[in-house]
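Okay, thanks for letting me jump in. Let me put the model up, and then I'll walk you through a few local features.

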Amino acid sequence: MTDTVLQNFALGEWRRGDDGHTEIRSAITGETVAKTSAGGLDFKAMAEFARTVGGPALRAMTFQERAAMVKALGLAIMERKEELYALNPHSGATRKDGWIDIEGGAGTLLSTASKAKRELPDDTIILDGAIEQISRNGTFMAQHIYTSLRGVAIHINAFNFPVWGMLEKLAPTLIAGLPAIIKPATPTAYLAEAAFRIMIETGLLPRGAIQLIVGSPGDLFDHLTGQDVVSFTGSASTASKLKTHPTIIRESVRFIAEQDSLNASMLGPDATEDSLEFELFVKEVVREMTVKAGQKCTAIRRALVPAALLGVAQNAIAARLAKTTIGDPGREEVRMGALVSQSQCADVQEKISVLSGEAEIVFGNAKAAIIGDDAQSGAFISPVLLRCDNPWKAKAVHEVEAFGPVATLMPYKGFDDAIDLANRGGGSLVMSLFTNDPQVARDVVRNTGAFHGRIAIINRDSAKESTGHGSPLPMLVHGGPGRAGGGEEMGGVRGVKHYMQRSAVQGSPDILAGVTGAWVNNAPIESEKPHPFRYKFGDLEIGKTIHTDARTITLEDIEHFANFTGDTFYAHMDQEAAEANPFFPGRVAHGYLILSFAAGLFVDPAPGPVLANYGLDELRFLTPVSPGDSIKVRLTAKSKKKRNDEYGEVKWDVLVTNQKDEAVASYDLLTMNAI
C-alpha cells in the first residue's frame, strides 16, 4: 500500500486532501505505507452537514433502531476483519495485539448495542429515575429525561488503538442519536480509514451520520457550539491545549478527555513469594509491559510490592521478560512487536532517561535481538524494567510516563504507604490489586477509589476468567480522575447519556404521560372492555386499564398457603408472635399470597396475545393484609418496547388496594405480547 493516499469522508462523499500529503511509515520496515491530508476540506460545512443532515436522520430513529444499526456495523467489521489484520503489522502490532483492537472494537459495538436493546426504550426519550410528585394532590409532577443533543460529536483518537478507539466512542454516540466527525491519529490512520470504509459500505448509516478527517482538523474547533461534544483520547498536554480553545470555553462545549496515566498495580500485603497472587502479579506486569509493546493507556507503569518482596519480584519479572521475543509481528514466534514509529521510539527512550535519574534499570537490553530480516530498521525497543528503591522521595516515577514497554518496580513499607504511593500518580484510568484477603481489598478500594476510574482486584479464584488489569470493557466506565482526564467513556447505557441532555420536565400527569410515552399515576385511563390482555402489542394503548372485583382473604387461605408452600413464618401462623412485631397487627397474609390472588383477579385466562409473564420490577408491600380483609387490583398498561417482529414487552402498573382503598402492594408486571 506504498502509494495509497488515504481519503477523507466529508459531506457524504470520499475526498482526497489537495495539498501537503503527510507520509505514514511502517513501524517494521520504515517504508511509506500511506499518505494523508485534509487540505481543502470545509470544516464549517462538515459540522453543519452533521447537524442538519446526519442529526435529524439519527434522531428520527428510536434507540432500538439505532442499536440494531450499531450491531450490524459490528458484524460487518467482523466479516471483513482479515482486511484489517492485513494492515495491522505496519502499526508494529502482533495479531494478538490486533485482536484487541480489531475484534475488540467490533465487540464493543456489539456489546453496546446489546445493552441498549435490553435497557433502552423503543423511543427517542430516556426516562431518568422515578416520577417526582411535587404537589400534594398529584396534579403537578416532574420527570427527569434524556434527549439527543442537536449538535455533532468530534472524536479525536489516539494512535495505539485505531479501530477500537474509534468504535468505543462511536457506539454510544450513534445510539444517543448524535452524528460524529472522527479524527484518527495520523500514524495509524490507514487502519481507522479501512474500518471506517467498511461501515460506510454497509449502507446502513444515514447520510451525515459519520464523517472522517485523516489529516489536520484545521479550524473545526472554531465552529463548535454548546450542543456539540468533543471526545479526546491522548496525552495530557494535547488535552489541555484543546480544552482551553477559546470556542470550547466560550460555548461551554462538553469535553470528555481520556488521558494517558501512570496506572499502578499493587501486590497485596497478604501475598508471599509462594502465593498464587504473587505469581499472578508478576505475570500481569509482564503482560501489560509487552502487549502492544506497552502502548496502552491502561498499561501498568508503577508496580508496588511489599518491601520484603522487592528483590524476588524483580527477579521473577526479569526472568519472564527475558523470554519475550521481539521482532516482525507477522512472525509466529514473535511475542512483542514495535512501537508505532521511530519518533515514538525516541520519545520513550527520552522518558526512560528521565526515569533512570531516580530509578535503576534492572532489565532492558538496548541490543535485543530483532527477529525478521525486514525488521532490522523498525521502531523496536526492549522491555525496560526500572527499580526505584526510594519512591517516597522520587518525583519523575509518579509524573513521567514512557509510553512503551516500560514499568517501574517500587517497594512499600506498610498499608498507608502503599495507598499513598498508589495515589501519587494523581489519578489513573485503572489500578489493579492482587490479594486474597477481602478486608485488604475493601481497605484498598475505600482509600484509593477517589483516584482511579477502575479497580481490578484479582486473586486465585478469579484469575482464570479475569480480563486482567488493562482490558477496558464496554459495559464499564473507561476513564479516570485527575491526570487521567476527569472523563468517562463507555459504561454501557451510561456512556450513551454522555451524548445527551438531561432535563427536568414538569407538568400534570396527562402531560407527562404524553411527553414520555409512559403512563404515570393520576394520568387518564381507559377501562372499557375488552380486557387489556385481548389486545395485540401494536393495538394496546398506554393507559388501558382494568379494575377488578374484590376478593376476601380468610384465615383458611393463609394457613393453606403456608402449608402448601412451606412458608410458615411466624407472622402468618402465630398470633401472639405476630402481635409482638411492630409491623403487624396480628397474623397477616403472605406477600406472595397477595401477588398470587392479585394475578387471579386480573388475569384473562383464555389464549391470546399475552405470551408470557416476564417478571416483576419495583415490588413493594405497603400495608399488611389481615384475615377478613379484601383486596382488589388496578392493572394499567404503562409502557411498551418492541423486542422483534414477533413480540414486544409490555410494562403494566399494578396497584393492589384493600377495602379502605389503602395501597397494599405495588409493582410493575412485565409481559411479552404478540405483535
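When I say strand, I mean a DSSP run of E with at least two residues, numbered from the N terminus. One of those is strand 26, residues 610–621, and that's where Glu 618 sits. Keep in mind that this is a predicted model. Glu 618 counts as exposed, at 55% relative accessibility.

Ala 293 also has a positive phi, about 50°, and again that's not a glycine. You'll find Ala 293 in the loop between helix 9 (276–290) and strand 13 (302–306). Ala 293 is buried, at 1% relative accessibility.

While we're on backbone geometry: the Lys 529 to Pro 530 peptide bond is cis, with omega near 10°. Pro 530 belongs to the loop between helix 15 (509–516) and strand 24 (545–547).

Now some packing. Helix 12 (residues 415–423) and helix 13 (residues 438–448) have axes that come within 10 Å and cross at roughly 45°. So helix 12 is oblique to helix 13, and their crossing is right-handed. Who touches whom? On the helix 12 side we have Phe 415, Ile 419, Ala 422 and Asn 423, meeting Asp 443, Val 444, Asn 447 and Thr 448 in helix 13. By type, the contact residues split into four nonpolar, three polar and one charged.

Definitions and conventions: Residues numbered from 1 in each chain as written. Predicted model: local features only at pLDDT ≥ 70, side-chain atom pairs only at ≥ 80, totals over all residues. Heavy atoms only, no water. Axes fitted to C-alpha atoms, helices over the stretch in contact; angles between N-to-C directions. Helix = DSSP H or I, 4+ residues; strand = E, 2+ residues; numbered from the N terminus. Parallel < 35°, antiparallel > 145°, perpendicular 65-115°, else oblique. Left-handed = near helix turned anticlockwise from the far one by under 90°. Contact = heavy atoms within 4.5 Å. Nonpolar A, V, L, I, M, F, W, Y, C, P; charged D, E, K, R; others polar. Buried < 20%, exposed > 50% of the residue type's maximum accessible area, 1.4 Å probe, protein only.
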